[in-house]
Every structure is written in structure tokens, then in C-alpha cells.
Amino acid sequence: MTSPDKSGMEKNKGVLNGHLLLRGLVVPLPHDKETVIGRDNEQCDVALMDERISRAHASVIFQDGRYYICDKKSTNGVFLNGEKISGKAPLVVNDVIEIGPYSAVFVGSNHPQVHKSGRDRAVAPEAVESSLFSGHLSLVSLPDVIQLLNSIQKSGVLKVNGKSNKESVIGFDEGEVTSAVHEGTTGEEAFYAILRIKSGDFKFVPGQAPTAKEPMGRNTMSLLLEGSRRIDEGEMVENQDVLNAPPPMTRKLPKLPV
């Protein structure tokens, strides 16, 4: 089992609110329950869709004042900083957890990416408790807003207006995404399309979630992870297209008389 040295123990002091950074997402780690990671969308808090990952692969727990990563008898194991763990291992700030093809970094609440997320700064949870809250996507990203609504288990409708001024809608039932509508598309594909909206504004209206025309097949965290993967792959393809683009055509200019 991997164990930290004394300096690692010192670094871990004061980490009372741990988080995992996973594919650009901030995953909060509660004290009162384990955070289960695996392929099963029903029983896992973080669902990772890859055949190399077990249905319930790993979990993070808070015990005796610190966080631990646990291997839940997975087939391919859990790696901490490159070493396979046995049972459970204590976590230190900036530890890298590898589960199949995914890597997550363990950080405290003072990490810049945690501060940047809506959970800590851009959208205060107390603002969401009001009858209605809204904001601009230049100040907070949609994944941050969705994570916040998920973490405080809100029900209602998130309305998003991008550059086209056409309203896109995501429905929530106790924090879980239940429906999405975007320019005639519904379900998961609509949700992924909405995640690509980078500018405009949003408004959350609490209340009963709308009836889903096409039910979601994943939980909210899994939807966000898949959306992040698609966005990353899309950007990689765009960058590769730019690199492979032919040089611009030029025409020969006539020589000017001296």
C-alpha cells in the first residue's frame, strides 16, 4: 500500500474540504459519505464510461480527519502517483489518482480551479436559494453552474441564451439533469450541445422539472465528463485541421517599373 512520507503528512494538514480535478471538472468530496467512482451509472457518484473500469472501481472516503482513496476490488486496480494501491491509501495535496484511462488530482479548497468554479466564487450557493438567479457566461461557465445545482440538489429549469438568442433549456430534479432541449434536439445530444455555449447569459427558475421527451441515460456528473471529453476531442480535431491546412494561395504580382 502506498503511504506518504512525513513531508506529505505535513502537506495534508488543513485539507478539510477536498476535491478531485477530473477532466476540467471540480468534484467535491463530502465527509459524511464515500464518493464512489466506476462504470455503473446507478450506484456511482462519478461514472466513467470505459470498459477497463469496473462497475464500482474505487471510492474516496474521509476518515480520522483525512481523505483516503480506496480500491473496491477492481479488476485493473487503482494507481496513486504511478503506484498500484492495495486496499486504501491516504491522500496528499496534488496526488494523482489513475483509474483506467482517467487521471484525477486531489486538491484542497484553496486550489485556483476550485476558487474559479461556481461552487466557491462565481455563483454563491445562497444566491441559488432565492426565487430566481441568473448570470453571464463570461463570468461563470455552464459546467460550474450545473455542478452547483447538482451539489445543492435543486429542481427547476436552467435557461441558456447564447449568441443566436435561441433559448436552450436543461431540466433538473433534485440536482440531477432530467432533460435538455437545444434548437430542436432533445436528450443527451442536446445537453452536450448546450455545454458548448461559451457566451450569453443564463437564468435558473426553481420549481418542478419539465417532463423529459427523451430520458437521460447517465447521471449529471457522467454527463459533464462525457461533454468535457467531446469538447476536448473537438478542439483537438480543430487544431489538427489547422495544422494540416494547405498553405494560402498566392498570385504573382506584376513587376513594377523601376
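In which helix is A193 found? A193 is found in helix α6. The model is predicted: local features need pLDDT of at least 70, side-chain atom pairs count only at pLDDT 80 or more, and totals for chains, interfaces and linings use all residues. Residues are numbered from 1 along each chain as its sequence is written, and side-chain values use heavy atoms, with hydrogens and water left out.

**View 1. A193 in helix α6 and its distance to I231.** Helix α6 covers residues 188-195; helices here are DSSP runs of H or I with at least four residues, strands are DSSP runs of E with at least two, and both are numbered from the N terminus. A193 has a relative accessible area of 26% and is partly exposed. Buried means under 20% relative accessible area, exposed means over 50%, and partly exposed lies in between, with a 1.4 Å probe and protein chains only. From C-alpha to C-alpha, A193 and I231 are 9.4 Å apart in space, while in sequence they are 38 residues apart.

**View 2. The salt bridge between E189 and R230.** The closest N and O atoms of this pair are 2.9 Å apart. A salt bridge is a side-chain nitrogen of Lys or Arg within 4 Å of a carboxyl oxygen of Asp or Glu. E189 lies in helix α6 and R230 in helix α7 (residues 220-244), so the pair ties together parts that are 41 residues apart in sequence. E189 is partly exposed at 43% relative accessibility, and R230 is partly exposed at 27%.

**View 3. R229 with two glutamates of helix α7.** R229 forms a salt bridge with E226, at 2.5 Å from N to O, and another with E233, at 2.7 Å from N to O. E226 is three residues from R229, about one turn of the helix. E233 is four residues from R229, and this separation is also about one helical turn. E226 counts as buried because its relative accessibility is 9%. R229 is partly exposed, with a relative accessible area of 22%, and E233 is partly exposed at 41%. A network of salt bridges links E188, E189, R218, E226, R229, R230 and E233. In the whole structure, the search finds 10 salt bridges.

**View 4. The hairpin of β1 and β2.** Strand β1 (residues 19-22) pairs with strand β2 (residues 25-28) in the antiparallel sense, over four bridges. Two strands pair if DSSP finds at least two bridges between them. L22 has L25 in β2 as its bridge partner. There are two residues between the strands, and R23 takes a positive phi near 50°.

**View 5. An open sheet of five strands.** The strand order is β4-β3-β5-β6-β9, and the pairing is mixed. β4 (46-47) and β9 (88-90) are the edge strands, each pairing on one side only. Inside this sheet, β3 (residues 35-38) and β5 (residues 58-63) pair in the antiparallel sense over three bridges. The bridge partner of V36 in β5 is S59. In a regular strand the side chains alternate between the two faces of the sheet.

**View 6. L20 and the largest nonpolar core.** This core has 52 residues. A nonpolar core is a set of buried Ala, Val, Leu, Ile, Met, Phe, Trp, Tyr and Cys residues joined through side-chain atoms within 4.5 Å. The residues with the most contacts inside the core are L20, L48, I69, I146, L158, I170 and F191. Contact means heavy atoms within 4.5 Å. Leaving aside its neighbours within four places in sequence, L20 is in contact with L25, V26, V27, L29, I37, V60, I97, A104, V105 and F106.

**View 7. Helix α5, mostly covered.** Eight of the 10 residues of α5 (residues 142-151) are buried. These are L142, D144, V145, I146, Q147, L148, L149 and N150. Q153 follows α5 and has a positive phi, near 55°.

**View 8. Cysteines C44 and C70.** C44 counts as buried because its relative accessibility is 4%. C70 is also buried, at 12% relative accessibility. A disulfide is a pair of cysteine sulfur atoms within 2.5 Å, and by this rule the count is zero disulfides.
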